[in-house]
Amino acid sequence: MADAFRRAESGTQLLARLEGRSSLKNLEPYLFAEEASPVHGDVIEFHGPEGTGKTEMLYHLIARCIIPKSSGGLEVEVMFIDTDYHFDMLRLVTILENRLAQRTEEMIKQCLGRLFLVNCNTSTQLLLTLYSLENMFCTHPSLCLLILDSISAFYWIDRSNGGESLNLQEMNLKKCANFLEKLVREHHLALFATTQTLMQKSTNSAESFFPLKLQHETDTDYRPYLCKSWQQMVTHRIFFSKQCNSGNSKGFTVISCHLKRNHVVKCSFSVAECGVQF
Amino acid sequence: MVVLRAGLCPGLTEEMIQLLRANGIRTVVDFVSSDLEDIAQKCSLSYKALVAVRRVLLAQFSAFPTNGADLYEELKSSTAILPTGSPSLDQLLDSGLYTGEVTELMGAPGSGKTQVCLGIAASVSLGLKQHVLFLDSTGGFTASRLYQILRARAEDGEEQLEALQRIQVVRVFNIYEMLSALQELRDRLSQQVVSSMGPLKIVVIDSVSAVIYPLLGGKHSEGLAIMMQLARELKTLAKEFSIAVVVTNQATRESSTGPLKPALGRSWSFVPSTRVLLESKEATWEKATTQRVASLAKSSRQPTGIQVELDIGNGDVQELSPATPAQGL
């Protein structure tokens, strides 16, 4: 009897895989160095200090996904995990209203019906929530985008709870990262996660992350502080910064790096009522 | 880290716990992340029973996803926008203080943060007839100044008295007192006790940097962890009970000529959804002026950098009276 149960479970997964997840290739061409990105299995990290547009970019991606094909969207479902109560539904609705052809309540509700939101309060709850969401990915084949805002929200609290042992401090995040990798791989998802710039860039060049050629090109304020398991599973890292020039274009810049192939692409955007505009 | 114990969920018996413990499974996380078939064999327990327990534990300890459309419906009915008492400040904040969010007022000492907070408390209590919780950690709250503001806005003595009664002031001078005052508020709101404390829509904290500064530095990460706990508590209060939270913070500069930025460091800077910078107007230093400039430093709804002028003088925070320094400034 146990065998039959097991077969049924993997049957659902198989079905989900056979039906296939929709392609996310045209999600946002400006953000990626290659032509056909993101593909399933990609883990993209948004990194930047506060006020640089990371959350706005997430709203832009969500809008692109949940808007129906007739209005130019991808019509896929999105799962948004919010760890610091940052998500502003009213802002998302404003963006949707500006992008939809018909701005009726019906249309907006239909779009929002493709978005799922979860709030997590501790890293343990995040881990357990990921386990319970696994079922949801099986039953919703059109759910192909997973967004985690932000994965660094519990950093200080975990560090303090773990005491002196680095292992204990990072344990929860390591387990989350490992399970996320399994979810993304098995269910063919794309994962977008934001991390906050909590640390100042180290002045020690030996610790530098980029090879020397790119270092003066990208003066990013990046200092890795999350656990190794997370850093190793990231395939794209996108740095956000704000242009402080006194010119009239109050713009933001993104520098997008494909970590395996070392491709770097840079572009800027501004934020208007309708969201991100490149 | 919840440890497994008998009765945690139906189906989790004492003998099951002993068998699990013998195989190194002590907490809920261990149980959920392990391979159930493996355990069924090692502990000789029923696979079906284990699966049932796992399902119940997950339902109990993990968060439940909501649909965007349902959340939007809920927000439409529960979100309110509270007036600050100053029309130009309301304009800066896109019509007022939104419930469900943390708004930060930052500025150098004497820039008018406490005055604006008093104005907000007066406006919500008098105009909306809602209760206000004012957590004072600097000793800057003066009831006489509040009364002066109320007198300027309402003629009727009865009304002024009622408005005063709706504002509850708690003096907290360290982080633990603040956390416990917030916990008390949470308990009261969860029980929905209709006591002398009516519907509460706003919590004003003046100031948050005063209780956190002593924690930072020294044993570095512990202080930061407590600060993030406070941040989390404020945000969950705001979201769960649809309250507007207003906090005040100091402003610092990186160098003597750099731009002003909020105190308490990078980690705190991510916490508020909206940030307003209060500064004195450049002009004259000979006479004390009540003119201030408020600029929007962070917002998810409006472009940053817009500025308005405020007058924090005598009663009304808008009335342009000749320079009479406000009491308690």
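1. A polar contact is a pair of N or O atoms within 3.5 Å; within protein, one must be able to donate a hydrogen and the other to accept it. By that rule, 19 residue pairs are in polar contact across the interface of chain A and chain B, both residues at pLDDT 80 or more. The model is predicted.

2. The interface also holds five salt bridges. In one salt bridge, the side chains of Glu105(A) and Lys76(B) meet at 2.8 Å, N to O.

3. Which elements of chain A touch chain B? At least two residues each come from α1, α2, α3, α4, β3, α5, α6 and α7 of chain A. The largest share, nine residues, is from α5(A). By type, this side of chain A has 28 nonpolar, 15 polar and 15 charged residues.

4. The contact draws 58 residues from chain A and 52 from chain B. Together the chains bury about 4500 Å², 60% of it on carbon and sulfur atoms. In chain A, Glu50(A), Tyr85(A) and Trp156(A) lose the most area to chain B, together 16% of what that side buries.

5. An open sheet of 10 strands includes β1(B), with mixed pairing. β9 of chain A and β1 of chain B stand at the edges; each has a single partner strand, so one side of each lacks a neighbour in the sheet. Two bridges join β3(A) to β1(B), and these strands run antiparallel. Leu117(A) stands opposite Thr66(B) there.

6. Within chain A, β1 and β5 run parallel, joined by six bridges. Phe46(A) stands opposite Thr194(A). Helix α2 of chain A lies across β1 and β5, among other strands, and runs at about 145° to β1(A).

Notes:
Residues numbered from 1 in each chain as written. Chains lettered and ligands numbered in written order. Predicted model: local features only at pLDDT ≥ 70, side-chain atom pairs only at ≥ 80, totals over all residues. Heavy atoms only, no water. Pairing = 2+ DSSP bridges. Helix = DSSP H or I, 4+ residues; strand = E, 2+ residues; numbered from the N terminus. Contact = heavy atoms within 4.5 Å. Axes fitted to C-alpha atoms, helices over the stretch in contact; angles between N-to-C directions. Buried area = accessible area lost by both parts, 1.4 Å probe. Salt bridge = Lys/Arg side-chain N within 4 Å of Asp/Glu carboxyl O. Polar contact = N/O pair within 3.5 Å; in protein donor to acceptor, adjacent residues only side chain to side chain. Nonpolar A, V, L, I, M, F, W, Y, C, P; charged D, E, K, R; others polar.
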